[in-house]
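The structure comes next, and the entries follow it.

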Amino acid sequence: MSILINLFWVAVAVAVAMGAGWLFRAAAIALTKGATARMLRTAPVTAGFGMLVILIYVVVAIFAPLIAPFQEREVVGAQFMVWDSVHKLGTDNLGRDMLTRLIYAARNTVGIAFATTALAFVAGSVLGLLAATVGGWLDQVLSRIVDILMAIPALVFALLLLTIFGTSVLKMVLVIATIDATRVFRLARSVAQDIVVMDYIEAAKLRGEGLWRLITREILPNAMAPLVAEFGLRFCFVFLMISALSFLGLGVQPPTADWGSMVRENASLITFGDITPLLPAGAIALLTVAVNFVVDWMLHRASGLKE
Amino acid sequence: MSVIWTMIAKRLGLGLLTLFIISLIIFGATELLPGDLAKSILGQSATPETVAAFRRELGLDLPAHTRYLNWLFGALQGDFGTSLANKRPISDLIATRLGNTLFLALYAAAISVPLSLTLGVLAALYRNSIFDRAVNALALTSISFPEFFVAYILIFVLAQSGLFPSMAQVDARTGFAEMLYRTFLPALTLTLVVTAHMMRMTRAAIINLLASPYIEMARLKGIKPMRVILRHALPNALAPIITVVALNLAYLITGVVVVEVVFVYPGLGQLMVDSVAKRDFPVVQAVALIFAAAYVLLNLTADVLSTLSNPRLVHRK
């Protein structure tokens, strides 16, 4: 019976989410004009919902100190207090306000994941485009290195590197960025390889354009659509990986508020039928779902334009 | 026939080469550390005597290539050295845990592979219907969930009422049926995580073929849609499906790490996470090597199987 009631609430949540997505898309179309509005009209409701969620996360992350009722590391009550009017979501294992920690974690977790993705992306796509454009031995060397690094499962490799270098946020960012850069490299190289054989690239070369201009002005604009979609997907992978490492106690270290470690710290509550530890995990899930919905739409658009 | 055997031998050789390079990386990664490994593990306060003794114990006074060869030949004979944390032989620590991890991964695979193939075929058959869209949205959602979220939801929904145990405690005396029961929730978690991707790819691989002229011909002959998909489309879609199944089975190997920690399951993943926290690098190296070997082996098998599924590649002139 309780499962049926749960299912009912899930259905209600989905309906509300789709409604919000539809409203957000309608509002976005009304507020913008020209090409942006035309593009937004092609967005399905799920993508509207995704964009709305991402916007909320960004706002919460930027204005965290204004929204949060308490300080990030402030002990404000007893351990594991229940939900009441002062502590809307209760307190955690050290008596810190759960809602405050959730809000600050949006800043920390998403910020770290975004920085890591950006790093992986810049390194991977620059090397990938370079390898495809220059070709020859540079391409061979880089591709073989990437092949070997990709033959080791990502999480296992990350754990190995963290054992050797020790655990800290900076080291984790560098380790994950390195691992994910190999995946970005693969995609950037294969996309660029289809482009460099085109006649207009030949023409640009004959005109005497330099390597940098060739990559940024001729190749990059045509490789942009798949790369942008890849950025979204990569962000999801990095975000999930960082959360998993933090959950295992090897990523973001306390007392910094972080969704992965918050699940770990409060997990014992779940066996008593308290859903509080599911909230940070749900926050992670909701953001990845939202990003995936938007990426799905962009991939669809990118493939649609080719037809 | 000989074509197949040379192909398999070639792939096997390539796989062994990959494994060899991986073992070099796993071993050589410790050499990347700036400064001295012994000092960095013992900390700043260690006296020069303890550092020297520790270096001897680790064999750090030997040159790197000697240590690598000793380690590699030891590992080939099942001897991974001793753990730094509790001084026990690593092979003892690994022996039962490896069996437990394999059991969990196979259990999850036994549920998820048939399930996702069936769902994929059905989604392709009823494409663009409500069923297809619902399954697709569900798949997209479940890909985005972190494993521990799925695990805790399952604990909340299924273990709360006492239906299944929330901790998968097993030992050598646990019977097979009891094992299946106690590890049901971890296996279900892994199933939910990998099914979505396999299902989506199965659907995509089949739908890709449905536009081909020979499928159109089959349809015009009046063959039932289900038969068109199973007898005409599926055999040609096998190669991408096998690849994606192998990819997900390989994913199970790493996914198992988080799930084992959530359910306190005595497997390799949990051992690895504990050892990372203690910086017990010989154990981490050993487990990483086993995981990487399984990963390479699965990819190799997928490669061979997908080639075998294509008669044009098998009977090449």
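Predicted model: local features only at pLDDT ≥ 70, side-chain atom pairs only at ≥ 80, totals over all residues.

Entry 1, domains. I looked up the separation of the two domains of chain B: the C-alpha centres of domain 1 and domain 2 lie 39 Å apart. Domain 1 of chain B covers 37-77 and domain 2 covers 90-314, with bounds that come from an automatic or database domain assignment.

Residues are numbered from 1 along each chain as its sequence is written, chains are lettered from A and ligands numbered from 1 in the order in which they are written, and side-chain values use heavy atoms, with hydrogens and water left out.

I found 14 helices and 0 strands in chain B; helices (H or I, at least four residues) and strands (E, at least two) are DSSP runs, numbered from the N terminus. The C-alpha trace of chain B spans about 85 × 60 × 35 Å along its principal axes. Of the 317 residues of chain B, 46% count as buried, where buried means under 20% relative accessible area, exposed over 50% and partly exposed in between (1.4 Å probe, protein chains only).

I looked up H5(B) (residues 90-125) and H9(B) (residues 184-209), whose axes come within 7 Å and cross at roughly 35 degrees. Axes here are lines fitted to C-alpha atoms, for helices over the stretch in contact, and angles run from 0 to 180 degrees between N-to-C directions. The crossing of H5(B) and H9(B) is right-handed; a crossing has that hand if the near helix is turned clockwise from the far one by less than a right angle, and is left-handed if anticlockwise. The contact of H5(B) with H9(B) has 20 nonpolar, 6 polar and 1 charged residues. In these classes Ala, Val, Leu, Ile, Met, Phe, Trp, Tyr, Cys and Pro are nonpolar, Asp, Glu, Lys and Arg charged, and the others, Gly among them, polar.

I checked the length of H5(A) (residues 98-134): its 37 residues should span 54 Å at 1.5 Å a residue, and the end C-alpha atoms are 53 Å apart, which agrees. The expected span is 1.5 Å times one less than the number of residues. H5(A) bends by about 30 degrees at Ala105(A), the bend being the angle between axes fitted to the seven residues ending there and the seven starting there. Just after H5(A), Gly135(A) takes a positive phi of about 70 degrees. The axes of H5(A) and H10(A) (residues 211-247) come within 8 Å and cross at roughly 145 degrees. By class, this contact has 20 nonpolar, 5 polar and 2 charged residues.

Most residues other than glycine have a negative phi. I found Val264(B) with a phi near 50 degrees, in the loop between H11 (225-262) and H12 (268-278) of chain B. Val264(B) is partly exposed at 34% relative accessibility. Arg279(B) has a positive phi of about 55 degrees and lies in the loop between H12 and H13 (281-308) of chain B. Arg279(B) counts as partly exposed at 21% relative accessibility.
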